[in-house]
Amino acid sequence: MDSDRPAPLRVDAETAIILREAYHKIESLYRGDHYGLYDYVRAVAGKITTVDSFFVGFLHGSNRVRYPYGYDSGRYDDPATHIFGPNGQTAWLLKQRQTYRFAYDNGAAVQAGVPTGDVTKESADAVTVPIFRPTQNGPDQLFGMLSMHSYTPNTYDDNAVRAFEWLCGLVERVLTREDEDKDALRRLPAGDDSPNLLTSDHVMEYIGHRVAGLREIATEAMNEPDVAHSPVQEHLKRLIRSTEEMQSELMEMMLATDEGPERRFASLTKAQQGVAVLLADGLENDQLAAELGISLNTVKTHLSAILKKYGMVNRAQIADDVRKYLIR
(Lines give C-alpha, C1' and ligand atoms only; values in the text may rest on other atoms or scores of the structure.)
Protein backbone atom coordinates (compact mmCIF):
# COMPACT_ATOMS: atom_id res chain seq x y z
CA MET A 1 0.00 0.00 0.00
CA ASP A 2 1.19 3.54 -0.74
CA SER A 3 0.52 4.51 2.88
CA ASP A 4 3.26 2.07 3.96
CA ARG A 5 5.91 3.85 1.92
CA PRO A 6 8.22 6.18 3.84
CA ALA A 7 7.77 9.89 3.24
CA PRO A 8 10.17 11.20 0.57
CA LEU A 9 13.20 13.11 1.76
CA ARG A 10 12.54 16.82 1.29
CA VAL A 11 15.64 17.91 -0.59
CA ASP A 12 16.04 19.65 -3.93
CA ALA A 13 16.50 17.67 -7.14
CA GLU A 14 20.23 18.33 -7.45
CA THR A 15 20.83 17.15 -3.89
CA ALA A 16 18.74 14.02 -4.48
CA ILE A 17 20.93 13.07 -7.44
CA ILE A 18 24.08 13.48 -5.34
CA LEU A 19 22.64 11.40 -2.50
CA ARG A 20 21.49 8.63 -4.82
CA GLU A 21 25.01 8.28 -6.23
CA ALA A 22 26.42 8.33 -2.67
CA TYR A 23 24.11 5.50 -1.63
CA HIS A 24 25.33 3.16 -4.36
CA LYS A 25 29.01 3.95 -3.77
CA ILE A 26 28.79 3.53 0.00
CA GLU A 27 26.93 0.24 -0.33
CA SER A 28 29.49 -1.17 -2.76
CA LEU A 29 32.81 0.32 -1.68
CA TYR A 30 33.07 1.26 1.96
CA ARG A 31 32.01 -1.62 4.20
CA GLY A 32 35.08 -2.32 6.33
CA ASP A 33 36.91 0.81 5.11
CA HIS A 34 35.88 3.26 7.79
CA TYR A 35 38.40 5.97 6.97
CA GLY A 36 37.35 5.86 3.33
CA LEU A 37 33.70 5.99 4.42
CA TYR A 38 34.16 9.12 6.55
CA ASP A 39 36.28 10.78 3.88
CA TYR A 40 33.69 10.07 1.20
CA VAL A 41 30.75 11.30 3.32
CA ARG A 42 32.63 14.55 3.97
CA ALA A 43 33.26 14.95 0.24
CA VAL A 44 29.59 14.30 -0.60
CA ALA A 45 28.43 16.82 2.01
CA GLY A 46 30.87 19.28 0.42
CA LYS A 47 29.09 18.88 -2.93
CA ILE A 48 25.84 19.98 -1.31
CA THR A 49 27.00 22.76 0.99
CA THR A 50 30.10 24.43 2.42
CA VAL A 51 32.03 22.17 4.81
CA ASP A 52 34.99 24.00 6.30
CA SER A 53 35.47 21.55 9.16
CA PHE A 54 34.25 17.99 9.65
CA PHE A 55 34.76 15.34 12.32
CA VAL A 56 33.58 11.89 13.37
CA GLY A 57 33.43 11.02 17.07
CA PHE A 58 32.59 7.89 19.08
CA LEU A 59 31.68 7.63 22.76
CA HIS A 60 34.01 5.46 24.81
CA GLY A 61 33.46 4.64 28.46
CA SER A 62 31.44 7.04 30.56
CA ASN A 63 32.96 10.40 29.66
CA ARG A 64 35.24 10.18 26.63
CA VAL A 65 34.87 10.78 22.94
CA ARG A 66 37.42 9.36 20.50
CA TYR A 67 37.80 11.15 17.17
CA PRO A 68 39.22 8.83 14.47
CA TYR A 69 38.65 11.32 11.65
CA GLY A 70 38.87 15.10 11.43
CA TYR A 71 39.28 17.55 8.57
CA ASP A 72 39.64 21.32 8.53
CA SER A 73 40.20 23.77 5.68
CA GLY A 74 41.82 21.23 3.38
CA ARG A 75 43.95 19.49 6.03
CA TYR A 76 43.39 16.29 7.99
CA ASP A 77 43.51 16.44 11.79
CA ASP A 78 45.35 13.91 13.90
CA PRO A 79 43.03 11.45 15.69
CA ALA A 80 42.35 12.52 19.29
CA THR A 81 40.54 11.64 22.51
CA HIS A 82 38.82 14.15 24.79
CA ILE A 83 36.81 14.06 28.00
CA PHE A 84 33.50 15.78 27.32
CA GLY A 85 31.92 18.25 29.73
CA PRO A 86 28.32 18.92 30.73
CA ASN A 87 27.65 21.74 28.27
CA GLY A 88 29.23 20.69 24.96
CA GLN A 89 27.74 19.04 21.89
CA THR A 90 28.21 15.49 23.19
CA ALA A 91 26.28 16.21 26.39
CA TRP A 92 23.61 17.96 24.32
CA LEU A 93 23.23 14.95 22.03
CA LEU A 94 23.03 12.53 24.95
CA LYS A 95 20.25 14.60 26.49
CA GLN A 96 18.26 15.57 23.40
CA ARG A 97 18.96 12.50 21.20
CA GLN A 98 18.44 14.51 18.01
CA THR A 99 20.43 16.57 15.52
CA TYR A 100 22.14 19.64 16.93
CA ARG A 101 22.03 22.88 14.94
CA PHE A 102 24.05 25.99 15.68
CA ALA A 103 20.91 28.12 15.61
CA TYR A 104 19.37 26.22 18.54
CA ASP A 105 21.60 28.00 21.07
CA ASN A 106 23.64 30.41 18.92
CA GLY A 107 26.55 27.96 19.04
CA ALA A 108 26.81 27.76 22.85
CA ALA A 109 27.31 23.96 22.83
CA VAL A 110 29.96 24.27 20.10
CA GLN A 111 31.90 26.90 22.02
CA ALA A 112 31.65 24.91 25.28
CA GLY A 113 33.39 21.89 23.75
CA VAL A 114 37.04 21.16 22.98
CA PRO A 115 38.20 23.12 19.90
CA THR A 116 38.89 21.03 16.80
CA GLY A 117 40.53 21.85 13.51
CA ASP A 118 41.87 25.40 13.20
CA VAL A 119 41.63 26.65 16.79
CA THR A 120 42.22 30.24 15.64
CA LYS A 121 38.77 30.26 14.01
CA GLU A 122 35.33 29.87 15.56
CA SER A 123 32.54 27.97 13.86
CA ALA A 124 29.79 30.31 12.68
CA ASP A 125 27.41 27.48 11.78
CA ALA A 126 27.35 23.77 12.63
CA VAL A 127 25.26 20.61 12.33
CA THR A 128 26.01 17.53 14.46
CA VAL A 129 24.06 14.32 13.89
CA PRO A 130 23.95 11.52 16.50
CA ILE A 131 24.26 7.91 15.38
CA PHE A 132 22.67 5.04 17.27
CA ARG A 133 22.91 1.27 17.52
CA PRO A 134 19.94 -0.91 18.48
CA THR A 135 19.74 -2.52 21.92
CA GLN A 136 17.75 -5.51 23.10
CA ASN A 137 16.23 -3.63 26.01
CA GLY A 138 15.32 0.02 26.09
CA PRO A 139 16.05 2.84 23.63
CA ASP A 140 18.77 2.65 21.00
CA GLN A 141 22.26 3.47 22.25
CA LEU A 142 23.86 6.70 21.11
CA PHE A 143 27.41 5.69 20.26
CA GLY A 144 28.75 8.38 17.95
CA MET A 145 28.28 11.53 15.91
CA LEU A 146 29.19 13.22 12.64
CA SER A 147 29.59 16.98 12.54
CA MET A 148 30.07 19.59 9.81
CA HIS A 149 31.00 23.21 10.46
CA SER A 150 31.25 26.42 8.49
CA TYR A 151 33.16 29.62 9.27
CA THR A 152 30.39 31.59 7.53
CA PRO A 153 27.12 32.34 9.38
CA ASN A 154 23.81 30.85 8.24
CA THR A 155 25.42 28.31 5.90
CA TYR A 156 23.22 25.30 6.65
CA ASP A 157 19.62 25.55 5.48
CA ASP A 158 17.03 22.81 5.90
CA ASN A 159 18.03 21.18 2.61
CA ALA A 160 21.65 20.80 3.75
CA VAL A 161 20.65 19.51 7.20
CA ARG A 162 18.24 16.89 5.83
CA ALA A 163 20.84 15.70 3.32
CA PHE A 164 23.52 15.45 6.01
CA GLU A 165 21.18 13.53 8.33
CA TRP A 166 20.46 11.10 5.49
CA LEU A 167 24.18 10.59 4.85
CA CYS A 168 24.79 10.01 8.57
CA GLY A 169 22.01 7.44 8.52
CA LEU A 170 23.97 5.53 5.87
CA VAL A 171 27.08 5.61 8.06
CA GLU A 172 25.02 4.38 11.00
CA ARG A 173 23.67 1.45 8.98
CA VAL A 174 27.13 0.45 7.71
CA LEU A 175 28.61 0.45 11.22
CA THR A 176 25.71 -1.31 12.93
CA ARG A 177 25.44 -3.89 10.13
CA GLU A 178 29.09 -4.82 10.72
CA ASP A 179 28.26 -5.39 14.40
CA GLU A 180 25.28 -7.52 13.41
CA ASP A 181 27.48 -9.56 11.05
CA LYS A 182 29.89 -10.28 13.91
CA ASP A 183 26.99 -11.35 16.14
CA ALA A 184 25.73 -13.65 13.39
CA LEU A 185 29.14 -15.33 13.11
CA ARG A 186 29.29 -15.89 16.86
CA ARG A 187 25.96 -17.75 16.67
CA LEU A 188 27.39 -20.43 14.37
CA PRO A 189 28.36 -23.84 15.82
CA ALA A 190 31.88 -23.71 17.25
CA GLY A 191 31.68 -19.92 17.03
CA ASP A 192 33.34 -17.57 19.45
CA ASP A 193 31.22 -17.40 22.59
CA SER A 194 33.70 -15.24 24.45
CA PRO A 195 33.35 -11.44 24.61
CA ASN A 196 34.44 -9.79 21.37
CA LEU A 197 37.09 -7.51 22.82
CA LEU A 198 39.80 -5.62 21.03
CA THR A 199 42.95 -6.11 23.07
CA SER A 200 46.19 -4.14 23.21
CA ASP A 201 47.81 -7.05 21.32
CA HIS A 202 45.41 -6.52 18.43
CA VAL A 203 46.06 -2.78 18.39
CA MET A 204 49.84 -3.16 18.48
CA GLU A 205 49.82 -5.83 15.78
CA TYR A 206 47.68 -3.63 13.55
CA ILE A 207 49.91 -0.58 14.04
CA GLY A 208 53.03 -2.66 13.48
CA HIS A 209 51.57 -4.03 10.24
CA ARG A 210 50.69 -0.56 8.95
CA VAL A 211 54.11 0.82 9.88
CA ALA A 212 55.73 -2.07 8.00
CA GLY A 213 53.62 -1.13 4.98
CA LEU A 214 54.89 2.45 5.14
CA ARG A 215 58.48 1.22 5.36
CA GLU A 216 57.91 -0.95 2.29
CA ILE A 217 56.52 1.99 0.30
CA ALA A 218 59.51 4.15 1.26
CA THR A 219 61.90 1.34 0.32
CA GLU A 220 60.25 0.95 -3.09
CA ALA A 221 60.51 4.70 -3.64
CA MET A 222 64.23 4.55 -2.81
CA ASN A 223 64.72 2.16 -5.73
CA GLU A 224 63.15 4.48 -8.29
CA PRO A 225 65.75 5.69 -10.85
CA ASP A 226 64.93 9.37 -10.39
CA VAL A 227 65.51 9.17 -6.63
CA ALA A 228 69.08 7.85 -6.68
CA HIS A 229 70.74 11.29 -6.79
CA SER A 230 67.85 13.38 -5.44
CA PRO A 231 67.67 15.20 -2.08
CA VAL A 232 64.47 13.19 -1.52
CA GLN A 233 66.63 10.11 -0.94
CA GLU A 234 67.82 11.40 2.44
CA HIS A 235 64.23 12.03 3.55
CA LEU A 236 63.27 8.51 2.53
CA LYS A 237 66.20 7.08 4.46
CA ARG A 238 65.05 8.96 7.56
CA LEU A 239 61.51 7.71 7.03
CA ILE A 240 62.68 4.10 6.76
CA ARG A 241 64.83 4.49 9.87
CA SER A 242 61.91 6.03 11.78
CA THR A 243 59.56 3.19 10.87
CA GLU A 244 62.13 0.62 11.95
CA GLU A 245 62.56 2.41 15.28
CA MET A 246 58.80 2.67 15.73
CA GLN A 247 58.30 -1.07 15.23
CA SER A 248 60.97 -1.79 17.84
CA GLU A 249 59.47 0.73 20.27
CA LEU A 250 55.97 -0.69 19.81
CA MET A 251 57.18 -4.12 20.84
CA GLU A 252 58.88 -2.74 23.96
CA MET A 253 55.76 -0.74 24.84
CA MET A 254 53.83 -4.00 24.82
CA LEU A 255 56.13 -5.32 27.54
CA ALA A 256 55.23 -2.35 29.75
CA THR A 257 51.47 -2.67 29.28
CA ASP A 258 49.43 -3.49 32.38
CA GLU A 259 47.05 -6.11 31.06
CA GLY A 260 45.43 -6.83 34.41
CA PRO A 261 42.31 -4.66 33.92
CA GLU A 262 41.87 -5.95 30.38
CA ARG A 263 42.31 -9.58 31.39
CA ARG A 264 39.88 -9.28 34.30
CA PHE A 265 37.24 -7.51 32.18
CA ALA A 266 37.59 -10.15 29.45
CA SER A 267 36.90 -12.89 31.99
CA LEU A 268 33.35 -11.58 32.48
CA THR A 269 30.34 -12.70 30.50
CA LYS A 270 28.65 -10.15 28.28
CA ALA A 271 25.91 -9.60 30.88
CA GLN A 272 28.49 -9.14 33.64
CA GLN A 273 30.40 -6.66 31.47
CA GLY A 274 27.24 -4.59 31.14
CA VAL A 275 26.95 -4.45 34.91
CA ALA A 276 30.66 -3.69 35.35
CA VAL A 277 30.61 -0.74 32.92
CA LEU A 278 27.65 0.86 34.71
CA LEU A 279 29.30 0.11 38.04
CA ALA A 280 32.22 2.26 36.87
CA ASP A 281 29.71 5.08 36.39
CA GLY A 282 28.79 4.86 40.08
CA LEU A 283 25.30 3.38 39.72
CA GLU A 284 23.70 1.71 42.75
CA ASN A 285 21.99 -1.69 42.57
CA ASP A 286 18.48 -0.34 41.94
CA GLN A 287 19.83 1.97 39.23
CA LEU A 288 21.69 -0.93 37.63
CA ALA A 289 18.50 -2.99 37.57
CA ALA A 290 16.50 -0.17 36.00
CA GLU A 291 19.18 0.66 33.41
CA LEU A 292 19.65 -2.96 32.31
CA GLY A 293 16.01 -4.02 32.61
CA ILE A 294 16.78 -6.91 35.00
CA SER A 295 15.71 -7.78 38.53
CA LEU A 296 17.53 -6.66 41.66
CA ASN A 297 18.35 -10.28 42.48
CA THR A 298 19.95 -10.74 39.06
CA VAL A 299 22.05 -7.63 39.66
CA LYS A 300 23.24 -9.05 42.99
CA THR A 301 24.06 -12.38 41.34
CA HIS A 302 26.15 -10.64 38.66
CA LEU A 303 27.94 -8.50 41.26
CA SER A 304 28.80 -11.56 43.33
CA ALA A 305 30.25 -13.29 40.26
CA ILE A 306 32.23 -10.18 39.29
CA LEU A 307 33.71 -9.85 42.78
CA LYS A 308 34.78 -13.48 42.67
CA LYS A 309 36.36 -13.24 39.22
CA TYR A 310 38.17 -10.00 40.09
CA GLY A 311 39.31 -11.31 43.46
CA MET A 312 38.35 -8.01 45.07
CA VAL A 313 36.44 -7.22 48.24
CA ASN A 314 34.22 -4.29 47.27
CA ARG A 315 32.53 -2.62 44.30
CA ALA A 316 34.66 0.53 44.53
CA GLN A 317 37.79 -1.50 43.71
CA ILE A 318 36.03 -3.11 40.76
CA ALA A 319 34.76 0.25 39.49
CA ASP A 320 38.30 1.67 39.61
CA ASP A 321 39.71 -1.35 37.76
CA VAL A 322 37.02 -1.18 35.07
CA ARG A 323 37.75 2.52 34.54
CA LYS A 324 41.39 1.64 33.92
CA TYR A 325 40.25 -0.84 31.27
CA LEU A 326 37.86 1.62 29.60
CA ILE A 327 40.50 4.33 29.19
CA ARG A 328 43.27 1.99 28.02
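Contact means heavy atoms within 4.5 Å. The structure is a predicted model, in which local features need pLDDT of at least 70 and side-chain atom pairs count only at pLDDT 80 or more, while totals for chains, interfaces and linings use all residues. Residues are numbered from 1 along each chain as its sequence is written, and side-chain values use heavy atoms, with hydrogens and water left out.

**Overall composition**

- The chain has twelve helices and seven strands; helices (H or I, at least four residues) and strands (E, at least two) are DSSP runs, numbered from the N terminus.
- Of the 328 residues in the chain, 37% are buried, where buried means under 20% relative accessible area, exposed over 50%, and partly exposed in between (1.4 Å probe, protein chains only).
- Among contacts between residues at least 6 apart in sequence, 59% join residues at least 24 apart.

**Helix H9 and its cover**

- Helix H9 spans residues 270–280, and its buried residues are Gln272, Gln273, Val275, Ala276, Leu278, Leu279 and Ala280.
- The cover over these buried residues includes helices H8 (260–266), H10 (285–292), H11 (296–310) and H12 (315–326).

**Salt bridges**

- The whole structure holds eight salt bridges, each being a side-chain nitrogen of Lys or Arg within 4 Å of a carboxyl oxygen of Asp or Glu.
- Arg264 and Asp321 form one of them, with their closest N and O atoms 2.7 Å apart. Because Arg264 lies in helix H8 and Asp321 in helix H12, this pair ties together parts that are 57 residues apart in sequence. Arg264 counts as partly exposed at 21% relative accessibility, whereas Asp321 is buried at 5%.
- Arg101 and Asp158 meet through their side chains in a salt bridge of 3.0 Å, N to O. This pair links distant parts of the chain, with Arg101 in strand E5 (residues 100–101) and Asp158 in helix H5 (residues 158–186), 57 residues apart. Asp158 counts as partly exposed, at 38% relative accessibility.
- Arg42 forms a salt bridge with Asp39, the closest N and O atoms being 3.1 Å apart. Both residues lie in helix H2 (residues 34–48), three residues apart, about one turn of the helix. An α-helix has 3.6 residues a turn, so residues three or four places apart point the same way. Arg42 counts as buried, at 13% relative accessibility.
- Glu21, Lys25 and Lys47 are linked in a network of salt bridges.

**Surroundings of Ser150**

- Ser150 lies in strand E7 (residues 141–150) and is buried, with a relative accessible area of 0%.
- Leaving aside residues up to four places away in sequence, Ser150 touches Thr50, Asp52, Ser123, Ala124, Asp125, Thr155 and Tyr156.
- The side chains of Ser150 and Thr155 are joined by a polar contact of 2.8 Å. A polar contact is a pair of N or O atoms within 3.5 Å; within protein, one must be able to donate a hydrogen and the other to accept it, and residues adjacent in sequence count only if both atoms are side-chain atoms.

**Nonpolar surface patch**

- Val203, Tyr206 and Ile207 make a nonpolar surface patch of about 250 Å². Patches are made of residues with over 30% relative accessible area and no salt bridge, with like charges joined within 9 Å and nonpolar side chains (Val, Leu, Ile, Met, Phe, Trp, Tyr) within 5 Å.
- Ile207 lies in helix H6 (residues 200–222) and counts as partly exposed, at 31% relative accessibility.

Conventions
Accessible areas come from the Shrake-Rupley method with a 1.4 Å probe; for residues, only the protein chains shown count as cover.
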